[in-house]
Structures are given as C-alpha cells and as structure tokens.
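Please read the following briefing alongside the sequence and the coordinates.

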Amino acid sequence: MSANSAFNEEKGGSSNVGEPEYGHDPASGGIFSSDYKRHDDLKEMLDSNKDSLKLEAMKRIVAMIARGKNASDLFPAVVKNVACKNIEVKKLVYVYLVRYAEEQQDLALLSISTFQRGLKDPNQLIRASALRVLSSIRVTIIVPIMMLAIKEAASDMSPYVRKTAAHAIPKLYSLDPDQKDCLIEVIEKLLADKTTLVAGSVVMAFEEVCPERIDLIHKNYRKLCNLLIDVEEWGQVVIINMLTRYARTQFLNPNMNESLLEEGGGEKAFYGSDGDDDEEEDKDEKDKKKAEAPSVVKRKPYVMDPDHRLLLRNTKPLLQSRNAAVVMAVAQLYFHLAPKAEVGVIAKALVRLMRSHSEVQYVVLQNVATMSIKRRGMFEPYLKSFYIRSTDPTQIKVLKLEVLTNLANETNISTILREFQTYIKSMDKDFVAATIQAIGRCATNIGEVRDTCLNGLVQLLSNRDELVVAESVVVIKKLLQMQPEQHSDIIKHMAKLTDNIQVPMARASILWLIGEYCEHVPKIAPDVLRKMAKTFTNEEDIVKLQIINLAAKLYLTNSKQTKLLTQYVLNLAKYDQNYDIRDRARFIRQLIVPTDKSGALSKYAKKLFLALKPAPVLESPFKDRDHFQLGSLSHLLNAKAGGYQELPDWPEAAPDPSVRNVEVKESVPEWTKCSSREKRKEKKVEKPFYSDSEGESGPTESADSDTASDSESGSEESGSGSESEESDQQSESGSEEDEEEEERKKKKEKIKDIFPLNISVCLADHAIFPLPVSTNQTITPSGNLKTYELLHRITGEGLSVEYCFSRQPFSPDPHMVAVQIQFTNSAASEAKNLHIEDAKLQSGMRMKEFPEIGHHRCTLPAGETVSVVMGIDFCDSTQAANFQLCTHTRKFFVSIQPPVGELMMPIFMTENEFKKEQGQLMGMNEITEKVTLGEKCHGEHAVIQRVTTAANLSRVPCGSDKECRFAGKTVTSGSLVLVSVVTKDNGAAQVTVNCEKMVIGTMLVKDILQTLTQ
Amino acid sequence: MIHSLFLVNSSGDIFLEKHWKSVVSRSVCDYFFEAQERASEPENVPPVIPTPHHYLISVLRHRIYFVAVIQSEVPPLFVIEFLHRVVDTFQDYFGVCTEAAIKDNVVVVYELLEEMLDNGFPLATESNILKELIKPPTILRTVVNTITGSTNVGEQLPTGQLSVVPWRRTGVKYTNNEAYFDVVEEIDAIIDKSGSTITAEIQGVIDACVKLTGMPDLTLSFMNPRLLDDVSFHPCVRFKRWEAERILSFIPPDGNFRLLSYHVSSQNLVAIPVYVKHNITFREGSSQGRFELTLGPKQTMGKGVEAVLVNSQLPRGVLNTNLNPSQGTYTFDPVTKLLTWDVGKINPQKLPSLKGSMSLQAGASKPDENPTINIQFKIQQSALSGLKVNRLDMYGEKYKPFKGIKYMTKAGKFQVRT
C-alpha cells in the first residue's frame, strides 16, 4: 500500500515528460512542487533517525527506478544508509547502489568498507550477500578489491559463499577483461569443488570467461556427470550444454560405423554407403592408400568410451525434469552425442513440452523441425501430436506444418494430406498459403502422390481468395516442371487465369510456365503474349521481366505469329523506368533478333532460352540448421549470435582418455574399503534404473573397465568382485593403525570424496530423513569422521556393522545426534529385515530408529553395503545406548557410546559474543588445564584441527594468533560449550572450557588434552 | 545471461524495468514494438527478436509482455522458462499477475527480481526460499507494517538456500497438518466433421497443497501406475524410486506445488465424454445461414458434465446471428465474430441445443470455411484415464496428517471441426 502511494506521489514530480503517466493524482499537489524540492523531501526522510521514514523513502526511490526515472541525484543521501540496521532498508539501498554506482563512482567508494567488513562476518549468508553486492558495483577502481574478495571467497568454508564467488567471476571479467588469467585460476579451483551448489555457477563462469579452456574440465568431467542430477535446474542446463561441447572434442563419433541402415533422407544413406566403399577399398589396398588415413582410423571397431556412456546415462533421467530448458538441453545432447539407436528416447519428452506455453512450443518446434529432417523415424509415432488446432497462433501453425511435412512418407502421406485439406479451409490465410507450400513439398518428395496433390492444387485455382490461388499457382509451377508433358491442360487452365489473377508472383509464374512449355500450348501462348503486351506498362517488375522472357521464347519457336508482338514488347521495355528491364530488353534483342553484328551467340539463342531446366528442389528451411548446436539462440535465428561457441566436429582419433582420471592421492590401498563398497552400492542402485541403456553397452564397458578402474569415479562401472575382497582385508589392517595422524588425514579426505555418493544412495534407497549432508560436511571440513565398530564380522555371522557420528543435524529431531550406520553383508546369503528392537535406554534418552531395511522391497544381498541414519538423544551424557539389532534370523546386542565431543553441535559466534558468554560462565563452570603440546601439534592450524576432531565445535574468529576459540552447544539441552586454547612460545598451552554442564566440561577438557598431547 | 527485463502492457507502455548488469536503454524495446505492430494477434509476436546489439526474448502472460534483453548466446528456452517462473512467482505472491498488482507491489516485485537473478543468472527461483526472503504481502501484514513499521523482508536469513532440500523451508509448523492432492486430467481432442476422433490424448497433473509440520517424507502409490506413459516431476521426487517401484517418494515443499505432470499413453483408447451434433450451412446466393448445435454426454462414467462452455469463431462474412438456446445464454460479438454459448450442466434427459439463423453480408458469396467449435467442460470426481491413487504414507514425523485426494477431468483443447 505504501508502495502504491509512493507511486502516485512520485508521479507528479517526474521530470521526464515523454513518459507515460499512470494513476496520476492531482490532489497530491505533486505538480506544483519542483523536482529539486521533492527530492529534498526524500533526502530529509533518509537523514532521519526513524527506520520507517527511511524505508518509506527508499521504497519511493525504488519505485522511481522501476519506472526508469532518474534518481541519481539522491546518491549521497542513499549511500549513507548502507550500514543501516534495518534489513529491508539495507536491501533497497543495495538495489539503488547497484543501479547507480557506475554513474557515481567516487561516491560509491564510500560504501566499499561496509562490504569489506561484511566479507569477514562469521555468518555465511552475510558474507555471501556482501560479496554479491560488492561484485555487482561496476566501479573499475575496486577491481583489485573484488579480485581479492573473490579469491578469498573461493576458499570459504561455506559452499554458498563459494557459489557467490563463482557468480562474481563473470561480473569482474566483464568489468576488467585483463583479469582473465587470475580468474581462470579461481575457476579452476572452484571447478574442483565437490558440492552441487557450486557446480552450476562455476560452469556458468567458465562458459563466460574461458570456454576455450576445455582442458580445465578433464579432471572434473566425471564428477560433474555424477553430480548433475542434484544440481539446481538452471545449473543443469549450463553444465549439459558445456559437456556437449566437451564430449564432441574428446570422444569418437558413435555413429561413424553407420551404414545403409541410416534412416532419414536418402542423401545420408548415400553418404553412409560411401563410407562402406572406402572400407572395402582399404582392405584391398591398405598400404597404397596412405592418404586416406581417416578411413583407416574408422575401420577400428568402435568402442564407446566409458566416460561418454557415463554422460549419456547420467543425463537421461533429466528428460523427466519439469523445466523445459533442462529437457531441451538433454535432448540436444542426445541428438549430438548419442548413438543413433538411442536418440529416440528424447522424442517423447520433446512432444511433452509441446503442451507448455506457446513460447516454449515455438522454440521446441523449431528444434523438432531440424531434428525431424535428420531423424524422421524418431517423431513418426507422434505424428498426431503435431496436428494443428484452429486456436494455435500462426507462427506455431507454420512450424507444426513444417514438422508434418518433414515427417511425411509413403505410408502416412494419405493421412497427412487429408489433414492438410482441412487446413486449407482455415480462416487464417497466411497459414493456408503455408499449407499449399507444404503440399507442394510433399508432392515433390513423394512421387506417388504427385498427381493427387497437383489435382488438389488445381482445384484451389478456383478458390475465391486470391492469395490462395496465387500461392497455388507458384507451387503448381514448381510441380509441373517435373513432368510437363502430361499436364498441358493444367497449363491451359492457368493461362486463362491471367485475366483475373492480380498477385504479381502468380502472374509471373504463369507467364514463365507458358513460355517454358509454349510447345505444349502452341495456340494459346501467342494470345497470352498479346494480352500481356497490352497491359505491359501497368505490370509489376517481375511480371514485366517474365513478359519479355515469354516474348523471347515465343519469338524463337513461333516467330511468324509473334515477331511484331515481341518487337513491340521490347520497345516498351527499352524505355522502362527500371534499368533491369531495360538491360534485359537490350540483351534479348541482341540475342534473338538477327542483325549483322550479332554473330556467334544468336545461333545458340534457342539453346540458351529453351534449355532443359532442372526442376527446383523444394527444401525445408530447416535443412542443415543442425550445424548449430540445437537449443541455442543461434540455431533459432539461423545466424551466429555473439558469444556462440561452435560445436566442434568429432575428432578423427580419440584424444587420450586418461586425462580424465582423477588421482586419488597415493593412499588408495588403505581406503579401498569404503570406496569400493560405495562403488558397489552405487552400481547396485543404478542398475534397475538404467538397465535398458546398460544392456546395450554392457560389453563395451566391461572391455574398458581395466583402464578405468584406477580412477575413482570411472571405476563405478567396473568394481569387480575380486578387487573388493582384497580391499576388505586391506582395510582391516588399515583400520587398526588408524590412530596415526597421517592416516587419519587421508581417510578424512576420502570421506569427503565419497560423501556425495553417499547422499544419493541414501536418498534413492530409503532415505526417510533428508540429510543435508553435503553442505554441512563442507561447512565443518575439519570434522574428522571416526568410524566405530558396532558388530564385528565374525560375531555378526557375516554381517558387520559400523557406525560414525556424521555431525549432521538430525532433521526429524534437532535434539538428537545423528548416527550413521553402515551395514555390510559379507555372508553368503542375503540379510533381511534389518531393524532395531528392544532398546534399553537410560531414563530420558530417546532413539529414532532407522526404517527397517528390506522388509518389502530389497534385502541386503551378499556382498552389499548400505548405510542408514538414526538419531539418538543421549541427554547430554556419555551413557551408552543399548539395543538389539535384528535380522530375520538373529538378534545381536549392541551399544553405541558417544564420545563427549559428539554430544554437541557447532554454532557461529562473533568474538564479542564469545567474550560476553565466557564472562557469564565463570567459577564452577570454567575448567582450566595446562598442557604441553605434542610434537606434531605446534601451530595454530594443528591445534584447530585437533580440537575440531575431538569435538563437534566451530571456530570463533579471534584477533590474536596465539589463541584459538571454539563454540558449540550441547545437542539436547542447548547449553553453550566454549573452548579456548592459548598457546605459548615454548610449546606449553592452556585449555579453558566453559560449560554450564560441569560433567561435560570436565570430560571435554580431558579429551582435548589427550588429543593435544599426542 | 539476462541483461534487463522490461514489462510492457497491452497498450505498449513500459511500466517496469530492471537491469542486472549495465543499464540498457529502454529504446531497445522499439524493435519489440515494431514486431508487435507487424503481428496480427498479440500471441503472434515472435518470442525471439534479434536487434543489432541485443536479442529480445519475450513471453506473453496475462496480457503483459515480459521482455528480456539478452546480449549473447543463451539457450532461448532457458530465458523463456525463467520468465514464466517469474510470472508464476508473481501470481503466487499477489494472487493475480496484472499490471495493477505489479504496480501496487512494485517494491516487492523489485526485491523478488533482485533475488531471482544475480548478474543475469538465476539464483533463487524456489518459491519456498523466496518466501523466506521476502514475505508475500497480505492485507493484514500491510496494515501491521504501516502501524509498526516492520517490514516484508524476512528477518532471519534463508537457510533453505543452503540445504540439500532447497525446495522446503525449515522449521515449518502447523496446528492442523493436512495434505491435499488434486488429480486433474485434461483431454485434448480433435473431432472431425463426421464425429470420429482424429486425435485424443489425456494430459494430467497432480497438484498438491501440503501443510505439514517438520520434515515429512511422503510416499504416494497408484493402483495403476502403468497408465502413466510420460511423466515429469517436481525436483523433490526421487527419480530412482519411481523407476524401480513406480512409487512417488518425496519430501514435499511447503504449500502449493505441482508434484507431477503426466501423459497417458496414447495406445489406450481415450473415452470422449461429450458429443456434438452440428449443422452449420451457408447457402449460395442467400444472405442466410443455418446454425444448429446439440450437445450430449457420451462416455462420462456416470458423472455429470458441468461448466460446459462452447465457443466458435464464425466466418468473417457473418454479420449477426439469431439463435435460440434451449438452456444457458449465448453471445455473439459482431466485431470479432466470436460466438460464445455458456451451457452450464448437461442434462442427459433434455439435451441442450442452440438453433437459429445467421445473417450474412448481402451480395457476398458464401464463406468457404466452416467454423471450428471449441468446447470446455468439467467432470468432477473422476479422472478420465482411470488413474487412482492407492495410498499416501508419511514417514519421518509422528503426528497423523489429514489426507485428501480429489479427482477432476477437464477439457483441454477440445475441438470439433465442422
């Protein structure tokens, strides 16, 4: 409401006279107050102490900006409020700043320090918003500051801030393209990011800044493919388009061994057979033909690169997206990259999009039109979906017509023609004209129906609408050229039309026809010329040219009757206003009228004029448009748009696929335990879902698995049984030694690597609880997930169970600690009905069981691993939770005992808050211990790492580098836990823990001391 | 990506502009106006218009053109889809998306646009996240805001943006927990002159209104999932579960959303619920034409056909009509030549009919085209394809929600050629 009033009042004082006025209220008196004064009024409001006044003023200003009014003179008054406490005022100030900073660069600098402060804020969302605004201010002077901020944000703990950093990259690039090299470094770093939040944004930045640096993608290719389904929809579009280009440079054409099987135009088949011939030749005279190197390469049996397959497989489910842009992106990817046999899947999804808004239909139909030329069979089953309704907008009708024409073949032509007949009766004349053209194209393409079409078109010649008749004439002319002998009566019929029809193009066509086939209508032709000579001066230019043509041709064939007429026409043309016509007349006169000078050429005049002319080929305007990447703006416009990246041709020989291998730092052996399990699991889950595509490509993949298995993600497809057993043993030995710091570090890294997979499994399989795993995992990257054993393989008769504290908030109940439990069935038979029974809990403790595994759907087959999440409320004590773990046959007594550090969760605090809270937790609540740091534990970084490993706390910023502070709260009661570690130069340190719960405090101190002295 | 956005009303005025990068002068819209002039109908303006330095991509919704200015290559559907999402968001916020509503809420609109795009690249388009950032204006809130000076902008920071379920906001609380699902099917058909079906297909959607506390995890199963031929999901649906078991498993967004849209495979013969008997003739030489139309129920599964509305674009030669409806009301607009007949409910005992004569331009020859008849109708409590929800279960929360499922069939683009 207030915005509304602002609208009205602002109106009066607007200075731009030419602007349209809305809802002007003369009563407001706005007309009489001068512009200058009005803004004074706003300035006053902005300077006031009341937030409500400021807000009102800002709302009015934003309303002005929205209408395109100039509000730049308010800049100084507005920029003062950049640090305002009120969030809405602040946001509106940002809006203003981003709009006008470019114009008032000097003043804009005043606001920079506020954002710089914001960049250091402990809250990730504030950091992100500060970076967002800072990078949106287009002031060249602050480029170095922006660069610094982006670099810093790119290594921020929070993925959201990193996402914002990715967004900022193209902004900086457009401001100062010289920063490209530095920005590429940042992009490279962010491309390696493993969170879905960042992936889309950084690829967007990549596309804008350095689309040519395809080498940056190699290492991230598999990760991007695997993350794709969880990326937000807009990011998916960008990633898919980029990967299409990437795949075109890195993989071989899957259709290169295509032969006569090729569907679609005959031309293609022709090409295919050509290739075959080459191959034959090659066999015979291999050594002679070294020049034909490419075809030698071709002869190698084609094996699809597993990475190529990975891309196709991971994009396919996105055809089900609700977002039309995503569906289109996948469709174009399949069109450009998939083997012919698999492209068909996209048709159904594209046809579905046709139900959407008309703009979506328009774009989709353009693309379908291009696709249907090359792969007609794909859309044939959906022919009826392209039938035209009278309510469709004309541009949609014309496109549908185009598709129908492309789809026409011998079998369906009769239905299509019947459909066309109803279209011809439409009221929309442009559409009728397009239909006639379409009929003409069907007739030229399909010989069987040519006569039928021709007859139909001739009937249209008696249509009352002149446009329809004219269009028919033009089309008939083209058709007649194919077989003129049989149709002299049609030509006669058309000759009669010259009396009535006025459309120049049609008249010209008729005249041309008569001239060309004057031998078939020897009696009528001279008469037509006579009539035309009479009206010559009143005709349009194209008609005049055809009259001259007709005269020339008749002169050559029937000079007795037409000699005088021709001369008359030529004389008229000689003095025509149009120089083309004068030229033509002079040229023809020289050629046909024998004089002394006209020597050599006039002998051949007849040959020149009455040469047999090839029939025109009626082609679709969409032919060959597919050299543009489908779905792109350039394709739609059939012209290269700025910034369009060409779709490269397939390489002749595949570049080295090993560039995509990701090195898993030399620690592979110890880790394979988990990772190989993960791999197997992943495979298991995907199998039923992708079974169709895997079935086709099975052999290829297994053939390639040797090369892929050394890489992390590539080996998802291989994961042979022998490997996993081996790794199980190795992992056992590994876990015994896992107290060693280095090992732990490596392990931690790998856990991070594995986590994205983990989520997808959870979600897909039986995730009853939403796990914000990936994001939080990276928020507290120092969290070391230590795994504990719940049930040993031997006691569990093959079922081994491990658990770890995932340090995620347990969303169904925030007062519970999330425990991630991993079941591995190494027995020979499958385990069924895994569930929890008979929990013996201390009073107050609660437990949220995981849902039963495999009671109706899947069991846990032998050799498989599955993980679930349960929540336990430990009541802030380290008492163990005892319960029975049951399978369908056995029950095992197990217990989970949490280390004290897992009973808390991190909270964000500023330094001041920390000090304040610490001051309130003195006396009994404070425990201080002195300690000598262990050898490996010097330096701030090591301390932070050790402490966050021992307890689930987050770091609090601190001015001094001698002191590290951490904050958290207990999960159940939410009591604060504050830890500070002050180090001294000699390796001594003092640990202080402030906590309302003394027991927890004491235990925590002990744990921290232990970890620090090691 | 998207450089700027201009909103243009039906009379060709730019009433809102927003720039995400450097300011683009509004004179760029002149190219759009040119195209608009060239187009005979408003919906015939090409969605993509190239200009010397920019490209204009526009959508038309609620008689407002949303014109986005693009400077370099970008998938056109990306922009179109985004613009539609903007309109949906406005509709969600203001109830309607009209020029007046946008002008009244210009500040909220601006704040929304600011959050939805960053440097032209979509940032937050989920309505749940946006609602956390900017609260939708309600009358009550406007009153409260004017009195207390509080704001529409969310105080707490939107945590939804950080979660892996970005479509659901956290900390949802309701006293009445309820989940409603509407299965709405639309039948698209073309019926030819003789009454035989040329094409008929069923497109359905399941719209949900879920108001559940906490983080519920729902599963929805069908009695006959095989009917669904081609489906597209809200991002919350777990695709793999659907592929494996044909069960919809999801953590729902809070509030209204479209869970699923589907297509019923065209192999199944589609039952056509209504039939039309028509006799529209023009005689050569006379300035009169006959018009007769009778509607009747065909295969309706025993349910009544309601809210029937017939309209037809008569040929240009028709000057006026003199018709007599047996029920309902009819109007004929002599300028646009649009005939509309609001029939209401079809009573199978007494079939509705519209009979009478049309007067034609004197001396003009008879029109050679026959009008097509577009029909709209509704059938409550039944889904034409026979799709049935089997059960809805909730996991992850303790309380018992109230669940409801409603079925409805509507005519989509239902055309009868004459």
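In this predicted model, the side chains of A:Glu342 and A:Arg309 meet in a salt bridge, with an N to O distance of 3.0 Å. A:Glu342 belongs to helix H18 (residues 340–343) of chain A and A:Arg309 to helix H16 (residues 306–315) of chain A, so the pair ties together parts that lie 33 residues apart in sequence. Over all chains, the structure holds 57 salt bridges.

**Contact between chain A and chain B**

- The contact draws 115 residues from chain A and 112 residues from chain B, and the two chains bury about 10,000 Å² between them, with 58% of that area on carbon and sulfur atoms.
- Eleven salt bridges are counted between chain B and chain A; one of the salt bridges in the model joins the side chains of A:Lys171 and B:Asp118 at 2.8 Å, N to O.
- Between chain B and chain A there are also 39 residue pairs in polar contact, where both residues have pLDDT 80 or more.
- On the side of chain B that touches chain A, helix H2 (residues 76–94) of chain B gives the most, with eight residues.
- Sorted by class, that side of chain B has 50 nonpolar, 37 charged and 25 polar residues.

**Packing of H28(A) and H30(A)**

- Helix H28 (residues 504–516) of chain A packs with helix H30 (residues 541–557) of chain A at an angle of about 10 degrees, and their axes are 9 Å apart.
- Since angles under 35 degrees count as roughly parallel, H28(A) and H30(A) are therefore roughly parallel to each other.
- Residues of H28(A) that meet H30(A) include A:Met505, A:Leu511, A:Trp512 and A:Ile514, while those on the H30(A) side include A:Ile542, A:Val543, A:Ile547 and A:Leu550.
- By class, the contact of H28(A) with H30(A) comprises ten nonpolar, two polar and three charged residues.

Key. Residues numbered from 1 in each chain as written. Chains lettered and ligands numbered in written order. Predicted model: local features only at pLDDT ≥ 70, side-chain atom pairs only at ≥ 80, totals over all residues. Heavy atoms only, no water. Contact = heavy atoms within 4.5 Å. Buried area = accessible area lost by both parts, 1.4 Å probe. Salt bridge = Lys/Arg side-chain N within 4 Å of Asp/Glu carboxyl O. Polar contact = N/O pair within 3.5 Å; in protein donor to acceptor, adjacent residues only side chain to side chain. Helix = DSSP H or I, 4+ residues; strand = E, 2+ residues; numbered from the N terminus. Nonpolar A, V, L, I, M, F, W, Y, C, P; charged D, E, K, R; others polar. Axes fitted to C-alpha atoms, helices over the stretch in contact; angles between N-to-C directions. Parallel < 35°, antiparallel > 145°, perpendicular 65-115°, else oblique.
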